[in-house]
Structures are given as structure tokens and as C-alpha cells.
Amino acid sequence: MTDIETIEAEAEVLQEEDDTPARNIAVATDLLPTTLHLLPLSERPFFPAQALPIVLNEDPWLPTVEAAAKTDQHAIGLILVKPDNPDQATTDDFHEVGTVARIHHPTRQQGRIQFIAQGLKRFRITHWISATPPYQACVEYLDDTDFVNTEELRAYSMAVVNTLKELIPLNPLYSEELKFFMSRFNTNDPSALADFASNLTTASKEDLQDILATAPILERMKKVVVLIKKELEVARLQSKIRKQVEEKMSEQQRKFFLREQLKAIQQELGLAKDDRTAEVERFRARLEERQAPEPAMKRIEDELDKLSVLESGSPEYAVTRNYLDVLTDLPWGVYAPDNLDLDHARRILDRDHDGLADVKDRIIEFLAVGALKGQIAGSILLLVGPPGVGKTSIGRSVAEALGRQFYRLSVGGMRDEAEIKGHRRTYIGAMPGKFIQAIRESGVANPVIMLDEIDKIGAAYHGDPASALLEVLDPEQNSDFLDHYLDVRFDLSKVLFICTANQLDTIPSPLLDRMETIRLAGYIASEKMAIAKHHLWPKLLDRTGMPAKQIKLSDAALRQAIEGYAREAGVRNLEKQLGRIIRKAAVKFVSGEHEPVRIGVKDLENYLGKPPFRQEKAASGVGIATGLAWTPLGGVTLNVEATRVHTKNRGFKLTGRLGEVMQESAAIAYSYVSSHLRDFKADPRFFDEAFVHLHVPEGATPKDGPSAGVTMATALLSLARNEKPARPLAMTGELTLTGQILPVGGIREKIIAARRNKITELILPQANRGDFEELPEHVTQGLVVHFLGHFREVVKLVFTP
């Protein structure tokens, strides 16, 4: 027999034994013992009007139940304790007032003890006899039947009864409880009614214990009315929530059935089709707007035939459907018309970028060739320059000038060739490559696709993405580009590819050979001023929501911010510094300082701190020469220093983290100067007896390249002649063992570095004259440049006042 069946059987027995419980309880009162064994309850107190099963652990409560069952009255005290686990309770945790109950039919099963408890009367503990299990205490009984049935008491009783009537429709369980109560007690007994009503609620155990401890009936009835009214409000709220949920579910079910019925009726009348037919028709409707080539159409028809016979729940159906979704969504034969108006293109470029006149001219020339042909196809541009010079934004401007869709794809760090050529459909979660995704997203077959950071593309065991790009960026091959996912060829020859890079060294030669290179050098201070005023400052004000009239940055402060805090080739760091200024001004504005903030040169350190760059001067002295170098971040000046350590033996030492090429340049300079000391009016035996140390400062920065050869030779000759250069100047050029000066790269960046450091006289290789003459006038203005072809000319110029 189950626990539930046992409890029900015992309840029936209890019902038969106590046909008139009110009379039996009254008789038992006279026989209740003055000492009781106590059982702790943790969840709710037990009321005199209750008859419920009690289930406890045998350990440690079996001795208590057995001792109580052996008494003549079978009486036991049930009392609420404060801890949630009654097995851990102590005498201090027991409340003072509990209910004495009669034990009926105790049973033991699986380590548990169970009995029916019939509540009899309230009691209060007077003192403890046993403070450990089995608990035993002396008690006194509270008389809760001695009262006068006044009008006020009858009014409270009616209030409880009426509230119960309102509760019964809200919860069927209340009805069963009420029937059980009416079968055992007189409804005119306010004490039993109060206990029954309070026990019916879901109030906290502390509130219920307060009701149990209140013996005076009128005071108890007042507290019960409050509890049961709260219970009524909770029940109403629960009923409201339940109705809302049921109504919503019913409405959803009704709509579902109606939709299913409508679908069935439409199919019977031929007005609607099943999901498979609808998908096939949708794919065919797409193809009506496109001009797919014959091989692609054959593949699509084959897949549509396969789709029509597959079960919609099969995995193959989902794979085929996704494949057709991509195939039919591609813009086969859909091309955006090109806007080849050069004046329009010039306006777009000038609007979006200040400076870069030579770059704009190259782009206009490129567009002019496209205008002659009537289209721009089969072209791959490579924009090379330091970070922050506007390579990505130039690509976006070119797309806008042409009226084409623009899609940017960063390939930096890409190591899987599947990102270029797609996954094969045999793989779960297969997708087309990035280029097919770009074509699909742009909606035309001739967008402008920008490949950002192409110099940082990687390679791994997944394949070599750079090699996969060869097919994409080759005009002779990309007209039949084969994506592994599509498995049909797609024409990429109408796409304009624009790539960006910081340097050319890491780009594979076959890939570089397919691209037309346009170099973007760094900006000089005047160009940065214009960019900051026209683009950066308005954009930052708009982004932060700062009113333009609330903050004013003077031109002098802006120039100081450029020269002292953002000296790099690009303008990205300048944008960060201007953003810091606006944010700090915003703090003042939000804090209530509504006076306009005016920022001058003196105020700049309060906003940006100490400037990391100081005004550099060309170093001068014996054994010192200033060179010009190119880095991925722009041009820099380098002071090459040479000194004689001792004269004990001949030797030559290099420091400054010089690369292999730069070390070879130093060796060539040392050999050339040593062999021509007499020609250059120096002691011919100087290097025979001297241990020479050549150093390039900023030793933590790696340096490499051949362009410092002339500078190193000049520093060594200055040391040998014990004569410093006659005037401040900077130089660059590769030196040979015969004294020839060969051309070098990065002329624009190097000239900008010289201007930034206030060096106005330069020495450049004769072969770089053409590079210099191509530079804009505002870059070369005010410079004195000597184009020399042999080191003898350098010696004559440097050491002649």
C-alpha cells in the first residue's frame, strides 16, 4: 500500500472513530496530561482544528512517538521551531505555544515514521523536563473556548465565512478543505473557524504561529480576517494570471487550427502550394531577374529536380535548399552602371580627404582610363602607406565616386584558404567564400571590394590564402573564378579590387605583380591641421554630442597637439588626442560649468598631459651625422654616432639593433672611408690604430635597410678628420665600395620627417631627383636639396662652410 493510500485509509478510520469530534475533543480536554513529549515542526504550526498525517525520520524521533503512544491519552505536543531542519533544533529554537494532538495508527516504513495527528488544544511550555530528544516538558493548556458570542465576534465570523465563499470558486482545493471542516466541526464555533481559516492560507509560518499563540478569540479573529483577506487578493491575482495564460494559449491554438484549415482549403482549391513547391517557385522567380550562364543554369535545374523529390524533413533537403538559395540569390548578369564623370570623382575625393594631391591625381588618371574604355574592369589597386593615412576611406570614396556598392573585407591574419574559395558542400555548415558572400550581399556583380591589411595575411596547415588570392586578383583568371561551395564558375572580372597595406615586404611577389601600387605617405603638419579642422573635430563633436559653441580649440593649440602629441605619419592618434580633449571638456559641461571652454597652448597639458615628443634638433659634433630613414609608420630622422674607443688595436663595433643589410652598409662605409682617408684630407693611419664604435640611437628599435650608407660614411669621416659638419643637414642614400650613391625609396616620407624636425637642407641621391620633383609644392617648399651621385660631392658639401 502506498503512502497516499495509507493516509487516506487512516483518515477514513479517523472519520469513523470520531463521528462527533467536537464532543470527543471536549471530553479529551479533561484527560490531557500535564507533561508532554514534544515533536518539532519546521514548515507550519499545527492547529487544534486540524487532522493531518505527520511524517518524520525514525532517527531521532522514533523514541518520542513510541513514548507518546504508550500513554493512556496517546497525546503528543506538536510545536513550531525556528530552523528549517527540525532535526537540528534545540530547546531555544522552540516557540512557547503549540498544539497537543492525539496519535492515530503510527506506522514505520523505510526509515520513516508516520501517523495521523488529531489536533486537540493549545498549550504553553512552562519548563523543560528533557532538553534533548526525546523532548519532554511540563505544559499548561490555553482555554480558547471561554468566550461570549458578541455581535462584534459574530461580525468577524461572518467576514471570515464570506471571504471563504469568495475563495472557494478561485481554487477547488478550498472547497474540499471546507467540506472536511464542516463534517467535523460546528460552523458556529468561532475558535475552530478561526483556526481553520488561518490554516487555509499560504501565510508565513511566523504569521501562523502568531495566530496559534493568540488564545483570546476576538483578538485572534481580527488577525485571521487580515490574513484571509490577503489570501483572497493573492488568489484573485493567481486566477487572473491563469486566465490570461489560458486565453493566450487558446487564441494561439485557435489561430493555428484556422491556419491549418485555411491551408488545407487553399490546397484543395488549388490556391496554395506546399512548402516544397513554394520554395521551387521562389527560386525560379529569382532567376527571371538574372542572366545566369548555361553551366550555372544546368546545375540549378538539376538541383531543383532533386529538391522536388526529397522529403522536406530529410537532411539532404536542407542542404540542397541552402545551396539553391545561394545559387539563385547571386547577381548573375546584374551590373551597376559606372559614373565615370571625373569632375564628380574629384569633388568626392576633395570632400572626403585633405591633402594627398598626388594620390588623388593617380586615382583620377585611373578613372580616366576607365572612361576611355567605357568601363572599369580587371583592375586591382594597392594603396600602401602608414597606419591612419586614409587608405580605407579612399577606397570608400572611390566606390561612391563610381556609384558602386562597397564591401570591405579584412584579410589580416587570415590563415584558411576556405575563407577565400569556400568550403566544399560535403562539410556540415559549409559556406561560400568571402568573395561570393560579398557579391551576394552587394547585389551586383561589379562592386568595389576592399581587401584590408593584405600584407598581414597568414598561412597555416589549412592552406595558403595568399596563393588562393592569386586566382581572384588575376584579371586573366578571375573571369572563371571557381568557389568550392558553388562548384560553378562566377565572373569576378568586373569587380574593382582595392587592397591596402602598410608595407610591401611581406606581400608575395606573384601577388604584388598583379596589383597597381599607389603610395600614400604621411601628412605634414599643415595637412594634419586641415584634416583636423574639416573632418576630425566636427566628427568627434557629433559623436560625443558636445555643442560646437561650447568648446573652442585655438589653431596654436591644435598645431601643438600635432607636433607634441601626434607626430606619427597618419592622423589616427591625432583623432584620439582630440577625443580626449572633448571628453574632458564634456565632464565640465555636464558638471554644470556652462561657460564655453577655450583651449590654448598653455591649457593643452591640463587635457593631454606632458607631450611625449619634444622639439628635436639635428645633432652636431665630431663623428655625428643626421640621416633620414623610412619605417612602416612613416619617415624618421636618425643620428649616426661614431667615436674612437682606444688606439691599442684596429677594430670596428656596431650597436643599435641593426639589421643584416644595415650592417653591410656600415661595413661598406668603413671600408670605403678607410681606403680614401688621404683623398679626404684625413690621417691615412687613423683607422689602422683606432678601435671605432658606430652607434645608431634608439637601440630598442630594430633598424634595417641600405639608405644609411652615406650617413655612416659621413660620421666616420667626421671622426677621422676630427671635424664636425659645417652646417645642419640630413642625408640619405646607398653607398657602394666605389663611392657611388644609389637611389633609395621613401623619399616623400623622409622629406616630411626632415620638415617636422625643422631641417631645411637635404642630400638626396641624384637618381631620386624624379621622385622629388613629383612631390607637391607644399611639401618641397622652403627646402634646399642637393642631388649628388658620388661621395666626393658629399664630402665637399658637408665640410665646406
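Accessible areas here come from the Shrake-Rupley method with a 1.4 Å probe.

**Entry 1: the chain as a whole.** I worked from a predicted model. I looked up the accessible surface of the chain, and it comes to about 39,800 Å². Carbon and sulfur atoms hold 51% of that surface. I then checked burial and noted that 47% of the 801 residues count as buried. For secondary structure I recorded 29 helices and 24 strands. I also looked at contacts with a separation of 6 or more: residues 24 or more positions apart account for 75% of them.

**Entry 2: helix α14.** I turned to α14, residues 391–402, and tested its length. At 1.5 Å a residue, its 12 residues should span 16 Å; the end C-alpha atoms lie 17 Å apart, which agrees. I listed the buried residues of α14 as K391, I394, G395, S397, V398, A399, A401 and L402. What do the buried residues of α14 pack against? I found two helices among the partners, α12 (342–352) and α13 (357–373), together with the strands β7 (380–384), β8 (406–410), β9 (448–452) and β12 (496–501).

**Entry 3: a surface patch.** I looked up a nonpolar patch on the surface and found that L237, I241, V245 and M249 form it. Together these residues have about 360 Å² of accessible area. I placed I241 in helix α8, residues 217–269.

Conventions:
Residues are numbered from 1 along each chain as its sequence is written. This is a predicted model: local features need pLDDT of at least 70, side-chain atom pairs count only at pLDDT 80 or more; totals for chains, interfaces and linings use all residues. Side-chain values use heavy atoms; hydrogens and water are left out. Helices (H or I, at least four residues) and strands (E, at least two) are DSSP runs, numbered from the N terminus. The expected span of a helix is 1.5 Å times one less than its number of residues. Buried means under 20% relative accessible area, exposed over 50%, partly exposed in between (1.4 Å probe, protein chains only). Contact means heavy atoms within 4.5 Å. Patches are made of residues with over 30% relative accessible area and no salt bridge: like charges are joined within 9 Å, nonpolar side chains (Val, Leu, Ile, Met, Phe, Trp, Tyr) within 5 Å. A salt bridge is a side-chain nitrogen of Lys or Arg within 4 Å of a carboxyl oxygen of Asp or Glu.
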